[in-house]
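Try each task before reading its solution.

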Protein chains: 2
Amino acid sequence: MSKQEKTIDNKEWYLARYSPDGIPSSDHLKLRSSVLSLADLPHGHYALETLFVSLDPYLRSRLTGSDDGLYSPQFQLDQVITAFGIGRVVASNDGKFNEGDIVIHPFLPVAEYNVFPSSDFVARKLEADPAIPLPDVLGCLGVPGFAAWIAIEILACPKEGSNVFISAAAGGVGMYAGQLAKLRGCRVVGSTGSDDKVDLLKREFGYDDAFNYKKETDYDTTLSKYFPDGIDVYLDNVGGRMLEAVLRHVNRYARIPLCGMISQYNQVWTEREGVRNLLNAVGKEVRMEGFLLGSYLDRFGEFTTQMGNYLKEGKIKSKNKMYVGIEGFLEGLQSLFCSSNTGKVVLQVKEQ
Amino acid sequence: MSKQEKTIDNKEWYLARYSPDGIPSSDHLKLRSSVLSLADLPHGHYALETLFVSLDPYLRSRLTGSDDGLYSPQFQLDQVITAFGIGRVVASNDGKFNEGDIVIHPFLPVAEYNVFPSSDFVARKLEADPAIPLPDVLGCLGVPGFAAWIAIEILACPKEGSNVFISAAAGGVGMYAGQLAKLRGCRVVGSTGSDDKVDLLKREFGYDDAFNYKKETDYDTTLSKYFPDGIDVYLDNVGGRMLEAVLRHVNRYARIPLCGMISQYNQVWTEREGVRNLLNAVGKEVRMEGFLLGSYLDRFGEFTTQMGNYLKEGKIKSKNKMYVGIEGFLEGLQSLFCSSNTGKVVLQVKEQ
């Protein structure tokens, strides 16, 4: 890159208005341009060109404007949104990162370019494995893959033959969680929002069975049909009525890792569907446990080794839904809440 | 006991009709008389005179007529109700038990007398410790004491200085649980249904603070006041709105042993108040875990040793509310759901 090119028109997504309920729109998230000079980086800084951004449901909870104890703090008004992402170093005034390095950043501002201090300890150089495409680093080896691994391998630990139910099964977390449970010898059934995705789960991801929750809407009857022997593990990605129905079908000592509640994100909490039969959790001695990835970082190495091997051996399949160009951020984010996406949603900002 | 006396008029409580909702009444539970001959006990049998019966909230769930996965199976119509109890052997045709032995039975039919086969493995002879009154064997060393011990010592394991909240705090389980948490160096606050009981918790059971949930009805404000530093452990004995409020005040990694949900027992589940903010359990990484005593029987020895010592050393205080005479069973049971009782509710059937 020559000196002349080093002043850059940089597009970035910022928070214009909080979105307490509903699906966030262009009223709330807006794209703006700024001019970034890469010519005279301060000492100890580097510039990163964004390649891929991971779009995950937890982002929704940072846009409500009320800190009701969920996840990370709220994004600030007028500030650029951040997300898990991967970039390539395009200029550096520091020895830590060199031009061409691929860097992974858990709080990458959703912009085409960013300048960071090299001392920023959360960014790390990715020793790219040519057998693993970068979007899979954000998916299978990133936020949803790690969430799936914590849920199945640490919290649920299902035995061979256990009956495992996964909601939002064709989404980022569900896709990997079901495959991990299959690798443990479980019987796995998933719920998802379209017949195509039902097919995909069975054909592509090795689910024993799957159903379309928009068609089989009497969840109690549906779960009786798909779980004649009850449910031993439920990975809850949706909350609400489905969780309630599951609590009518749990076996003794069932484990329910609470990964997120996508049906609940877009409503203020007092409007949400309450779970009325928690008493069943007493009678069946159920353990329900919420978790965030940050609490399990000591297991991240073990996770990447295991998942990386599974991926390379073809034991875990990955599917990404790609939105292309920085402009695609909002549509990609919205797709998470419309049941329109399949697999891990990734924004590809630049050609690799 | 002479031969002549060995035909006995025996009163017993039986289930006349299931009670799906509301507080069970004399429409559902009725007293009847039968004649029992103790003159010619079959070989390998013994007759037990009931001394004390433990009245616990779980009994409610066995009277609804619908097996919705809760606790033990339903009682059968026309059959005698069973409960944890203590009796004295009044006749024996077997070497295992002798006249005068004190026997503890987890499923003792609520009758003045019963005849059992000695081979019945659930009954065991109580090696009575003169320092521990028999009602305390049913309380502190029985169902509620063991429940409190499992919740605090196994599931919650609060650290010194943890903020512990206990609902139904003046009831059987709450009374012991709060004292156990105090012995671990926690700050303990309880909720209960009258000002007298608030006083009792603070004066008698060493709670740091307590409130009357019938007066301080805005639970969110109330918990802000009593838990300025949030809640680390909540022993849930009530469910419903209080659980929901707690989920707004939990600290990260809070533990919520689900012991029972007394506010919910007398309603069919679809009429119950749902918990709408379970999403907070994700963001705060809360573990909620239901438990039944039967799953921890391997720890019963450890429990009786520890609690027995605490009781004898005066470190745990016990309070029993006694109903006297077999006729008092229904009133005692009803008192569990009227917030009218304090401490462990025990039916004394006979003078000791």
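A salt bridge here is a side-chain nitrogen of Lys or Arg within 4 Å of a carboxyl oxygen of Asp or Glu. Please keep in mind that this is a predicted model.

**Exercise 1. Which residue forms a salt bridge with A:Arg17, and which parts does the pair tie together?**

Step 1: Start from A:Arg17 and look for a carboxyl oxygen within 4 Å of a side-chain nitrogen. A:Asp27 qualifies, with the closest N and O atoms 3.9 Å apart.

Step 2: Over all chains, the structure holds 42 salt bridges.

**Exercise 2. Find how chain A is laid on chain B.**

Step 1: Locate the axis from chain A. Of this chain's residues, A:Gly274 comes closest to the rotation axis, with its C-alpha at 1.9 Å.

Step 2: Compare the contact surfaces. The same surface serves both copies, as 100% of the contact residues of chain A recur in chain B.

**Exercise 3. Describe the interface of chain A and chain B.**

Step 1: Count the residues and take the area. In chain A, 40 residues are in contact with 40 residues of chain B. The two chains bury about 3,500 Å² between them, 60% of it on carbon and sulfur atoms.

Step 2: Pick out the leading residues. In chain A, A:Trp269, A:Arg276 and A:Leu279 lose the most area to chain B, together 22% of what that side buries.

Step 3: Turn to the polar side. There are 14 residue pairs in polar contact across the interface, and the count of salt bridges between the chains is two.

Step 4: Sort the side of chain A that touches chain B by class. This side has 19 nonpolar, ten polar and eleven charged residues.

**Exercise 4. In what sense do S13(A) and S13(B) pair, and what is the bridge partner of A:Glu289?**

Step 1: Follow the strands. S13(A) and strand S13 (residues 287-290) of chain B pair in the antiparallel sense over three bridges.

Step 2: Look up the partner. In S13(B), A:Glu289 has B:Arg287 as its bridge partner.

Step 3: Check the side chains. A:Glu289 also forms a salt bridge with B:Arg287, the closest N and O atoms being 3.2 Å apart.

Note on methods
Residues numbered from 1 in each chain as written. Chains lettered and ligands numbered in written order. Predicted model: local features only at pLDDT ≥ 70, side-chain atom pairs only at ≥ 80, totals over all residues. Heavy atoms only, no water. Least-squares fit on C-alpha atoms with pLDDT ≥ 70 in both. Contact = heavy atoms within 4.5 Å. Buried area = accessible area lost by both parts, 1.4 Å probe. Polar contact = N/O pair within 3.5 Å; in protein donor to acceptor, adjacent residues only side chain to side chain. Nonpolar A, V, L, I, M, F, W, Y, C, P; charged D, E, K, R; others polar. Pairing = 2+ DSSP bridges. Helix = DSSP H or I, 4+ residues; strand = E, 2+ residues; numbered from the N terminus.
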